[in-house]
Amino acid sequence: MVNTLVLKGLNGYLNENIDQIYQYLINYNNEQKEKQFRNQLQTCLICTDIISGIDCIRLYRCGHFYCQSCLNNYVKITFDNGRFGEKLLCPQNQCQKALLPNEMKLIIQDDQLYQRYERLTLQHALELMNDIIWCPRCQSAVLIGSGDDNLAICDQCRYTFCKKCKEIYHFQVMCPKDYLIEQLKLQQQKARERISKQREEESERNRKVQEKDQKRFAKEREKALAELPRIEKQKATLAERNLVKQHYREIAIDLSDEDILLEKILNAERMEVLNTQPCPNCHARIEKNGGCSHMHCSRCDYHFTWSSPEGPRPPEITSLLYHSSNAMSVQSIKEELNKKPDTAKVSEQNIEKTDSDQLAEDENKQDTKILINNRSFVGSAIVKRVKLCPNNSCNKFNVKIGDDNWIVCSGCFK
């Protein structure tokens with residue numbers, strides 16, 4: 001039949017009616033497909049029941065088909081959830097095609113339900129229009145103009161009202177509702193300006209207080225800097241008095257070991273002024289670079305609490321670091337030693353033998369030594385830091401670090 005129709009159409013073919021012939025063929029094809037669908041058995045996509053195609057409803061936009069009972073229940077549930085109009089979609093998953101109004105009329109068999117559907121759809125469509133408002137008396141839709149006036153007249157109950165405040169129409173140029181909104185905005189603007197002014201005043205007061213504090217701190221700093229030389233002089237005087245009061249001691253150091261010994265003393269003082277503390281278990285020196293007071297020695301796996309004050313400390317006047325330069329520390333100390341009258345280079349034969357271990361030394365040994373006593377700051381720093389190994393076969397000088405009296409000799413390891 002289609003071929004016969006096509007031949008008939010071709011016999012009357014004209015350029016003027018080509019669009020009509022094409023649309024006629026499309027419509028005829030759709031009618032034949034719909035007739036074939038209705039004459040066959042189909043399976044509902046919701047309940048999966050096998051029913052005749054004439055009892056199914058096939059949606060025009062997407063082509064999905066369902067039995068009338070399933071679609072009716074689906075529409076009722078959708079209405080109860082507040083979805084209607086273009087929000088009423090095909091039940092198939094992932095299908096976003098909305099149901100047509102004529103399809104809704106076939107699906108809904110209840111007249112009251114269909115009237116509800118039409119009313120809700122119309123109301124929703126009117127709410128989307130900017131030129132439609134609802135009468136506050138009879139709740140009918142009222143068409144308003146685009147003028148500047150606020151007049152609105154209901155065609156159903158003839159109620160005249162303001163389209164902004166929904167009250168009886170007033171002749172004021174500005175609606176009382178708009179006036180109230182403007183007053184609220186004005187109050188908010190004044191409040192913001194008042195708060196902004198208070199913040200500026202507070203910021204200005206804080207700036208003046210900071211400037212006043214900075215000037216006061218600057219004066220206090222200048223006063224402290226002015227007092228610093230006097231305090232340093234008092235410290236030096238007190239240190240000199242303590243230096244004279246201490247018990248006289250002297251040591252004789254080989255000139256060949258002088259540089260190494262002075263470098264060890266300087267390193268020991270550097271570790272003391274830095275943020276270091278000995279491990280209570282293995283006595284290894286540990287530096288703290290931040291964190292809490294819980295410490296863990298990586299050498300002996302010992303845990304302890306940090307007890308020393310944190311941060312580097314300036315060297316004292318009684319230390320070698322105080323009298324040394326950063327560029328040539330050992331050389332500057334040696335020059336300072338040579339200036340002192342209490343330090344002299346002597347041979348071993350001229351050293352007074354006050355110790356039994358020194359009397360046992362070889363009389364033929366003529367190495368030159370330097371004699372250092374504790375009558376100067378440099379000499380005192382060396383004498384109190386150097387300890388002689390008690391082992392008779394060693395007698396090597398060792399450098400003490402901190403207040404810990406536990407020392408391992410670097411010569412005999414005893």
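Strand β15 is largely enclosed by the rest of the structure, because five of its six residues are buried. Buried here means under 20% relative accessible area, exposed means over 50%, and partly exposed lies in between (1.4 Å probe, protein chains only). Helices (H or I, at least four residues) and strands (E, at least two) are DSSP runs, numbered from the N terminus. The model is predicted: local features need pLDDT of at least 70, side-chain atom pairs count only at pLDDT 80 or more, and totals for chains, interfaces and linings use all residues. Residues are numbered from 1 along each chain as its sequence is written, and side-chain values use heavy atoms, with hydrogens and water left out.

Strand β15 (residues 368-373) runs antiparallel to β9, and five bridges join the two. Strands pair if DSSP finds at least two bridges between them. Within this pairing, Glu250 has Asn373 of β15 as its bridge partner. Strand β9 (residues 250-254) is also mostly covered, with four of its five residues buried. Helix α10 (residues 377-385) is mostly covered as well: eight of its nine residues are buried. Among them are Phe377, Val378, Ile382 and Arg385.

Aromatic rings were examined next. Rings of Phe, Tyr and Trp (its six-membered ring) pair if their centres lie within 6.5 Å; planes under 30 degrees apart count as stacked, over 60 as edge-to-face and the rest as tilted. The count by this rule is four aromatic pairs. One of these, Tyr114 with Tyr117, is tilted, at 6.0 Å centre to centre and 35° between the planes. These two tyrosines are separated by about one helical turn, because they sit three residues apart in helix α5 (residues 111-127). An α-helix has 3.6 residues a turn, so residues three or four places apart point the same way. Both Tyr114 and Tyr117 are buried. The pair formed by Tyr159 and Phe161 is stacked, because the ring centres are 5.7 Å apart and the planes lie at 15°. Tyr159 is buried at a relative accessible area of 13%. Phe161 is buried at 0%. Ring pairs also link Phe79, Tyr114 and Tyr117 into a cluster.

Beyond its neighbours within four places in sequence, Tyr117 is in contact (heavy atoms within 4.5 Å) with Phe79, Gly85, Leu88, Pro101, Met104 and Ile108.

Ser393 lies in the loop between β16 (386-388) and β17 (397-399). Ser393 is exposed, with a relative accessible area of 66%. The C-alpha atoms of Ser393 and Cys412 are separated by 8.7 Å, and the two residues are 19 residues apart along the chain.
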